[in-house]
Each structure stands twice: as structure tokens, then as C-alpha cells.
Amino acid sequence: MAQQNTQFLVLFLAVLSLFSRYNALKDDRLNHYFEEDIGFGYYPRVYPSYYSAIEDHGKLDNSVMPSSFQRYPSCYRVTSSLDRSTVVNVDDFGATGDKVRDTEAFEKAWMKACSLIGAVVLQVPAGKNYALKPVRFSGPCKSNLTVEMSGNIAASDDRSDYKEDNRHWLTFDGVDNLLVEGGGGKINGNGNIWWQNSCKINKTLVSLLPQALTFYKSRNLVVQNLNIQDAQQIHVSFEGCTDVRASGFTITAREKSPNTDGIHITNTQNIRVNNSIFDEGDDCISIVSGSQHVTATNITCGPGHGISIGSLGAKNSMALVFNVTVDGAKLSGITNGVRIKTWQGGSGTASNITFQNIEMNNVTNPIIIDQNYCDQSNPCHEQSSAVQIKNVVYNNINGTSSSEVAINFNCSTNHPCQAIALQKVSLQNQEHGPAKAICNNVNLIKGDSDPKCPRVLYIELDTDTYTQKIASH
């Protein structure tokens, strides 16, 4: 009997051991897959999908939306995996500083890096100078790819090199889970050879100039610590991208450079731009149609044209921009501070926009909405349709205006600006005199601002019933 009990006990312990090992292996497999997700720049436990919350016509079910900072991808990458990365160096493919050889070397190095499996680092080594014709780095890639921009890269100064594509210089096309980071080098667009042919200089010209760095239809991007100067037209453009973290940019252009936007965002969802410095010729950040859930924080801008939404609705087009937050900016010596600009004849909506915690210093037009924007040589004809602007908040904005008018709401007669809030706004004339506000065709939410809008309608919200009361101001 004792022998039978012993055999039973041994059998029981063996089964228990096998069961424990099975659970351990199962858990390890799940953890392995989870680590792979992190390695591809996606952290599923803290970034639930919210796209199912977006309804038709751009409406959003806020009940399932996390807070503004939580809704962005963590973009975490396992740094220890870089120790095991395969390194692809452009020098190994013949890059020497000659634009023909360098262009071929960069293309070959990209093809190699993109085709490998696992973690791959494409290196542009420090202390080297490279010259490139237009290059398109196309995906999808098999690898979890990091591009280290440590060397100096300059654009070809021969305009004939752009005959096949006169809109782009360096383009990342359809590359998901990509990390592009600077390492002390500069990206130089050699824009001076293009600026004399800009439509901003000669209004009779309609040709478009190249963009220095473009990210096109890519997901889960991290772009950080890049130093970009003298773009042909736009320094960095995000087009049709989703889930983007862009930080640590230093963007500069010569004082006389026309229309050289810093960061241009179009048709892009879920992008956060932070900790960046713009010292260049036009809009530091421009946000145009199709862009949703855009956040910009800790921005330093000037000289230039400031932070703009638009222009929208050009050539009778439909535009949609919503859920934009600019939180924390220092704007100095610029033409326009925070601006929304739309053309007559357009349609669509720009809504749920917040500008807050902004310091203005010697800004010509600190706060401006212009629904009659016209940037062309011929006068714009008055039209009845317009992009509707509504639900815009200006909060905690202080500083000085270099002009007498610090707040200028030039809204549409047929489609007035709706639910515009001025809270804790204090703007003085640079000469320490009182500033003015011009407020045409705008309905304001009652708030606190200096200067105040004269003789306008304001909307007072009843916090108990959330109904609107309209009264004169």
C-alpha cells in the first residue's frame, strides 16, 4: 500500500511540474509578442485604439476618448535592442561627398536596411559631409528601422536635378514604425537658389518649390533632434501620417527667405510637436486641411509668421481641421502670433481649437482670425460660402503688440465665427499704450480680455443647464 501511495505521489508531482512549465511557456510567449509590439514603437497597454470612436463627417465620440496626452502613442522603443541592431552605414555603399555617388549610396543603403529583418540602424556618420539629389526612401520595410542623421547633408544646388520631382528633396514614403533622429549634423536645403523663383517674391509665378523633408502616409513615427536650415520651401512636412511624435527641432532660415514654413501638417492625425525652436521666414507651424488631434507644446518662434491654422478653403475647396491645441509658446518679433486663415468660397469646419499659455513679444498681429484671406496678385471676389470657424479658446495669453490692434477677428458675414472665448488675455501696445480689438461678425463666449471686443454678441453658458444665452457686450 505504501508503495502505491509513493507511485501516486510521484505521478502527481510530475503532472504538476508539466502543468507549471506549460503555463510558464505560455506566459513567456505572450510576453515575447508584447516585447515585439514595444520594439515596433507601439505600446498597446497604454495606447488603446480610438479610431472606432470617430464617426462619419469628422464627429467624435468624446466618451471613449482618453485625455489629450494619453491619446498619443507612447512611441516607446526598447533601447537595449539597439545594442543588438544591425548597422548599415552609408559610407559602406560608396558615399564620399559627391552628389551622384552619395545619392546612389543612400539609396542602396536604404534598400539594404529596409529589407533586413529585426532592429536595424541606418547610419549617416558624424563628421562627414554629403550632397544629395532628390531621394525617396520607400516602404514598407521588414525591419524596425532607426535612421541616425549625425553627418551633414546638403541638397543639390542644381535645379535641373529636380526635373523628375520638383516638390520633394528627402522623402520617407509609407514607412511605419520609423525613428529618425539627429546626432549633431545639419540638413541644409540650399534654399537660396529657389527663393528668387518663389511666388512670394514674384506673384506671377505659380510653380511650387521642393520641400526639404517629407514624411508621407506613414504610421507610428518618432522624429527628433533634427537641425534643418534653409529649406527650399517647407522644412518638414507631415502628409497623411498617423501617430507622430516630433520633438527637439531646430529650424532656421535666412532672414530674407520667403514662404519657408517650419513644420507643415496636412491630412495628419494624432501628432504632437514639442520642444522645438523656429527661427525662419514664414509660419513656424502650419496646420491645414485633414489634420485632427494636433498638439504643439513648448514652442519658441521668431522671427517669422507664427503659428497658423490654414490657409483653408482655397479655390472653393472643403476643409476640415479639429481638435488642435497649442499649449506653451514664446513668440517674438513675428508678424502673426496665433492665426486662423480661410479663403472666401470654401466650405467645411475648423473647430475645437485651443491656444493657451502663450507669451507674445513685439508681435504685429498677436491674435487674428481672417475669413477673408487673399494671398494672390488679383483681388479676391466676395463669395457667400466660407469655412465655418467655431469653438476656439484663447487662454492665458500675455505680452505686447507692435501694432495698435492686438486682437483682430475678421469673420465672414454669412458664416460668423461662433463660440470664440477670450480668457485671461492681456495684450498691450509695444509703446506701453492701450491696444485695440477689432471684432467683426464674431459671437464670443463671455470671458476676460484686455483689450475687449466692442459692441459684439457674446454667448454666456449656464453651467447648470449648459444652455446658451446671447446678450450684447
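This dialogue walks through a few local features of a predicted model.

Trainee: Where is P454 found?

Mentor: First place a residue among the strands. P454 is in the loop that links β29 (442–450) to β30 (457–461).

Trainee: Which residues is P454 in contact with, leaving aside its neighbours within four places in sequence?

Mentor: Look past the chain neighbours. P454 then contacts A437 and C439. Take A437. A437 and P454 are 17 residues apart along the chain, yet 7.4 Å separates their C-alpha atoms.

Trainee: What is F355 in contact with, leaving aside its neighbours within four places in sequence?

Mentor: Its contacts include I309, V326, V338 and I340. From V392 to N395, F355 contacts V392, V393, Y394 and N395. I397 is another contact of F355. Note Y394: this partner of F355 is also among the residues that touch the most other core members.

Trainee: Next, the backbone. Which residues does a cis peptide bond with omega of about 0° join?

Mentor: Read omega for the bond between two residues. The bond joining G302 and P303 is cis, with omega about 0°. P303 sits in the loop between β19 (292–301) and β20 (306–312).

Trainee: What is omega for the cis peptide bond from G310 to S311?

Mentor: Here omega is near 15°. S311 belongs to a strand, β20. P303, by contrast, is in a loop.

Trainee: Why does N270 count as buried?

Mentor: Because its relative accessibility is 0%, and the cut-off for buried is under 20%.

Trainee: Where is the place of K315, and what is its phi?

Mentor: K315 is in the loop between β20 and β21 (318–332). Its phi is positive, about 55°, and K315 is not a glycine.

Trainee: Is K315 buried or exposed?

Mentor: Compare the value with the cut-off again. K315 has 82% relative accessibility, so K315 counts as exposed. N270, at 0%, counts as buried.

Conventions:
Residues are numbered from 1 along each chain as its sequence is written. This is a predicted model: local features need pLDDT of at least 70, side-chain atom pairs count only at pLDDT 80 or more; totals for chains, interfaces and linings use all residues. Side-chain values use heavy atoms; hydrogens and water are left out. Helices (H or I, at least four residues) and strands (E, at least two) are DSSP runs, numbered from the N terminus. Contact means heavy atoms within 4.5 Å. A nonpolar core is a set of buried Ala, Val, Leu, Ile, Met, Phe, Trp, Tyr and Cys residues joined through side-chain atoms within 4.5 Å. Buried means under 20% relative accessible area, exposed over 50%, partly exposed in between (1.4 Å probe, protein chains only).
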